[in-house]
Amino acid sequence: MNASVPAIAIRDLEFRWPATRGCDGFSLKLPSLAVNPENSLFLHGPSGSGKSTLLNLVGGVLTPHSGCIELLGQAFSALPAARRDAFRADHIGFIFQQFNLIPYLSVLDNVVLPCRFSARRAAQAADARAAATTLLAHLDIAPDLHARPAHALSVGQQQRVAAARALIGKPEILIADEPTSALDAPRQAAFVDLLLAEARANGSALIFVSHDLRLAAHFDAVLELSA
Amino acid sequence: MRRWRFLLPLAAASAWNRRATLGLTLIAIILASTLLLAVERLRHDTRASFAQSVSGADLIVGARSSPLQLVLYSVFRLGEASNNIRWASYRKIADNPAIAWTIPLSLGDSHRGYPVLGTSADYFRHFRYGFKTPLAFSVGRPFADGREGVFEAVLGADVARKLGYRNGEQIILSHGSGALTGQDHADKPFSVVGILSPTGTPVDRTVHVSLAAIEAIHLDWQGGLPLPGLAVAADQAIEYDLTPRDITAFLVGLHQRTTVFGIQRQIAGFKDEPLQAVLPGVVLDQLWQSLAFGEKLLRGLSWLILSLGLAGLLAVMLAGLGERRRELAILRALGAGLPHIATLLVLESLLLGVLGALGGLLLLTVVSTLAGPWLAENWGIVLQSLLPGSDEWLLLAAIIATCLLAGVLPAWRASRLALADGLTPRL
């Protein structure tokens, strides 16, 4: 990917939830956001500032009412839903706060799952199982856990497995939604460092959402979403 | 490029994870499928085994009563005995030049629960079953026509196999159904001279003797009881005139089938006693028609039971969606579109449909194997094959298709949920 093209570029974004959902109407406005390849952005804001909405917009499961989202130089939000789903499979890795893994699949099967959805990521990973094993080793998951069902792991282990899954097949964009909030403080910084190192090694742009400002120092840029 | 093939193992793994609840639903579907298949198989095989039991005869002639009673009793040994017809009447009709052959049938006695049929050697020459197949001997020969054959018997395949009889063995016939003790024709034992090959028809469960034999064992009987003080020994019996006085019915084969209605009319107008001649195929058709409503009812009920099973499946799948929202959101984040989510749900119901239908087939096979001999013994219904016929494959496909269709609702609901939830389920 050409380094001069931002991995994520958002301009004049506006999205409104209708007021019929039992609560007040809510709107997200974001005049500008850009993350270059291999760069990382720390995104924070109070509850209700629209972080989840923004992630759903960048993931392509929501579309903005106005403005545009460009991913890897493509007018992403203008694509039809099926193309956005395919784009997400090919180019974006997600890590959520918790419950990232399919509980009945083994650790290894969870990690290779993106390669099942995306031929592109399968091709980039070459041998999906070998790539998964390597990533799990980097993320400090012992080999004897690989065949275990995902639900047998501790929360910290599950988050690292989720990181391996987001990284497999080298997607250009990584989105982490409060991935450390279920971890205790000493492990949080370690996890962030590990994630940043792997993202850099992958050449991926990273958006890291958190309300814990202590972590902000690890990132290239910081952006606050206001309520 | 999108990939779809991995969805099947994923659906299977997910279903396996919920095997406790889905398993109960699967059992309901299996039982309903078994019932549906069993109704169909019984219907088909009943018809086939009845139709195959008299494939050569153009007419069955007997005393005037219900045509169905005549056919059921004379060919299938089912239902109540019809009245006898006089031997003289039989001879008169049999001499009609349009008639190629006749087989006289005389029923009433039994051997250890198996019916004894008095007939002539023409039985082995002219009787046809299945697709016009003649009878064949697996061992031995027909009973002899003259006096030397009076105490000879030919066994159907099942009789010999079940009772463990070999050629040359001595057997004793009982009067009537053999239900009463002391009603044996113990003074006149028969020797087995031949055993027929299996036919899959009532022939297999019949003991065949000559008409003269029936006459001989009843020489010293009257009105269903042995005459006191009048015992006729076997070697004396053959000295008597053993021409039968009457028979139960007879089968008629014509030179030309086109004459069948003419002959039928002639027999119906027979002066000496009231007789009827029936076309076995027509009578059986009437039987099936009269049973059609019951069959439809049974089939309708079976479908109703299947739909109950499917309602259970729907309930389980819809209730399960609540717990699966996280799972579906994870798949969405990994790039699954709504079509993927819907496919995953439909695959689950398809999987249960296939397992249910095949499980039903398996259970039916087990049940058929166990119940087959009983059905043949008591109802003359021979299950034709343990493998499904083309109708049953269609039925299996229909069951699977119905399950697939039932999955559409949870699939639609799941994609609605997935659309509303996006990547982060609101739980």
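**Notebook: two loops and a helix pair**

I located A:Glu178 in the loop between strand 7 (173-177) and helix 7 (185-202) of chain A; helices (H or I, at least four residues) and strands (E, at least two) are DSSP runs, numbered from the N terminus. The model is predicted, so local features need pLDDT of at least 70 and side-chain atom pairs count only at pLDDT 80 or more, while totals for chains, interfaces and linings use all residues. Residues are numbered from 1 along each chain as its sequence is written, and chains are lettered from A and ligands numbered from 1 in the order in which they are written.

I checked the backbone of A:Glu178: phi is positive, about 45 degrees, although the residue is not a glycine. I found 18 other C-beta atoms within 10 Å of A:Glu178, so this residue is partly exposed (buried means 20 or more, exposed 12 or fewer, partly exposed in between, with C-beta atoms placed from the backbone).

I then looked up B:Arg77, in the loop between helix 3 (67-76) and strand 2 (85-86) of chain B. B:Arg77 is not a glycine, yet has a positive phi of about 55 degrees. B:Arg77 has 17 C-beta neighbours inside 10 Å and therefore counts as partly exposed.

Last, I took helix 3 (residues 107-117) and helix 6 (residues 155-167) of chain A, whose axes come within 7 Å and cross at roughly 30 degrees. Axes are lines fitted to C-alpha atoms over the stretch in contact, with angles from 0 to 180 degrees between N-to-C directions. I noted helix 3 of chain A as roughly parallel to helix 6 of chain A because of that angle (under 35 degrees is roughly parallel, over 145 roughly antiparallel, 65 to 115 roughly perpendicular, the rest oblique).
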